[in-house]
Amino acid sequence: MEFEGADAWLVGEEGRGVPQILEMGSLTRLDCALGTSGLMRQALSQALNHTAQRSAFGKPLIEHPAMRNVLADLALESEASTALALRLARAFDRPEDPHETLMRRLLTPVSKFWLCKRGSHFAQEAMECLGGNGYVESAGEGVLARIYREMPLNSIWEGAGNIMALDLLRAVRKGEMADALAAELAPARREHAAFDRFADSLPGRIDDAASETDARRLAQDVAVQASLLKQHAPDFVVHAFCQSRLAGDWGYAFGTLPSNVDFDSIIQRAVPNPTTT
Ligand SMILES: Cc1cc2nc3c(=O)[nH]c(=O)nc-3n(C[C@H](O)[C@H](O)[C@H](O)COP(=O)(O)OP(=O)(O)OC[C@H]3O[C@@H](n4cnc5c(N)ncnc54)[C@H](O)[C@@H]3O)c2cc1C
């Protein structure tokens, strides 16, 4: 954009415009993470509400095993996303704490990348729970269609996915990050063998991170969601999350959780409770 003959006021040091705008950019990236996790929760609530009321093949959709797998999988993803977005918000709230300063620097690009990437897939699956009424936007329907349309924007603006992954590489080059990340993962140690294997490898990968080719993979893996769930969710959530997301007992679409998952408890936990508004 060019401005000719316009008055302007310096809001920072001359020649340092990008660092200046990134101060704001880091806050709006937090917005993208929070906004996406909020949209996920809204989409999940819509899906739970609809499937409890719509009957097909003789009973409510929410009682069909294949649908229960989809809803439980979405509930896990939603809770893990909320946990990560709020973890990042805590880092912003405590600027005087050195560990939180490191977490803010590390988890801002990670959360913006990972949550916004998951958001579009999540919204598509939640929309599908409503069938055709999820897709159409006329006659008062269409909340999920609007959520689905909104999701990719949070991924693109304020720095698209690759930009976030490259920013993560810059962040980890500052040193100290491996130890801070190990401390962040510590609360979930010995909870699940897959988590321990994952947590053992991650600080070393942080120290070695250099390749732009691997940057997205690193951003995905640094999302410390299993550790956060261990601190804030019951065991059936933590176990199902580790089993599917870390142990590889999962497919490439939502609704592919292994059959030993506690579907009833996960869905019950996600159902909005009208008495606690
Ligand atoms: C609805 C809307 C509102 C907006 N509002 C504002 C606003 O108010 N103010 C404002 O300043 N901006 C605004 N934007 C701009 C927005 O922030 C940018 O569009 C966004 O950051 C992407 O930048 P770009 O469009 O220049 O894409 P590009 O930088 O051209 O990126 C295109 C693709 O290339 C990738 N890419 C770029 N560089 C690399 C690299 N080095 N290695 C690998 N891949 C790379 C990106 O990840 C992306 O996938 C808005 C955008 C939208 C859609």
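Start by selecting Asp73, Glu77, Arg118 and Arg245: these four are linked in a network of salt bridges. A salt bridge here is a side-chain nitrogen of Lys or Arg within 4 Å of a carboxyl oxygen of Asp or Glu. Side chains of opposite charge can pair when their charged atoms come close. A search of the whole structure turns up 16 salt bridges.

Before you click on, know that this is a predicted model, where local features need pLDDT of at least 70, side-chain atom pairs count only at pLDDT 80 or more, and totals for chains, interfaces and linings use all residues. Residues are numbered from 1 along each chain as its sequence is written, and side-chain values use heavy atoms, with hydrogens and water left out.

**Stop two: Asp200 and Arg189**

Pick Asp200 and Arg189 next, and you'll find their side chains meeting in a salt bridge (2.7 Å, N to O). Asp200 sits in helix H8 (residues 193-208) and Arg189 in the loop between helix H7 (177-185) and H8, so this pair ties together parts that are 11 residues apart in sequence. Helices are DSSP runs (H or I, at least four residues), numbered from the N terminus. Are these two buried or exposed? Asp200 is exposed, at 55% relative accessible area, while Arg189 is partly exposed, at 29%. The cut-offs are under 20% for buried, over 50% for exposed and in between for partly exposed (1.4 Å probe, protein chains only).

**Stop three: Glu191 and Lys230**

Now try Glu191 with Lys230, another salt bridge, whose closest N and O atoms are 2.9 Å apart. Glu191 is in the loop between H7 and H8 and Lys230 is in helix H10 (residues 225-232), so the parts they tie together are 39 residues apart in sequence. Glu191 is partly exposed at 27%, and Lys230 is partly exposed at 28%.

**Stop four: Asp221 and Arg205**

Select Asp221 and Arg205, which form a salt bridge with the closest N and O atoms 2.9 Å apart. Asp221 belongs to helix H9 (residues 215-222) and Arg205 to helix H8, so here the linked parts are 16 residues apart in sequence. Asp221 counts as buried at 10% relative accessibility, whereas Arg205 is partly exposed at 30%.

**Stop five: the ligand**

Zoom in on Asn162: an N or O atom in its side chain is 2.9 Å from a nitrogen atom of the ligand. Then look at the backbone of Glu158, where an N or O atom lies 3.4 Å from an oxygen atom of the ligand. Gly159 also has a backbone N or O atom 3.4 Å from an oxygen atom of the ligand. On its own the ligand has 980 Å² of accessible area, and the protein covers 32% of that.

**Last stop: a nonpolar patch**

Finish by selecting Val18, Ile21, Leu22 and Met24, which make a nonpolar surface patch of about 380 Å². Patches like this use residues with over 30% relative accessible area and no salt bridge, with nonpolar side chains joined within 5 Å. Ile21 lies in helix H1 (residues 17-53) and counts as exposed, at 52% relative accessibility.

Conventions. A polar contact is a pair of N or O atoms within 3.5 Å; within protein, one must be able to donate a hydrogen and the other to accept it, and residues adjacent in sequence count only if both atoms are side-chain atoms. Accessible areas come from the Shrake-Rupley method with a 1.4 Å probe; for residues, only the protein chains shown count as cover. Patches are made of residues with over 30% relative accessible area and no salt bridge: like charges are joined within 9 Å, nonpolar side chains (Val, Leu, Ile, Met, Phe, Trp, Tyr) within 5 Å. Helices (H or I, at least four residues) and strands (E, at least two) are DSSP runs, numbered from the N terminus.
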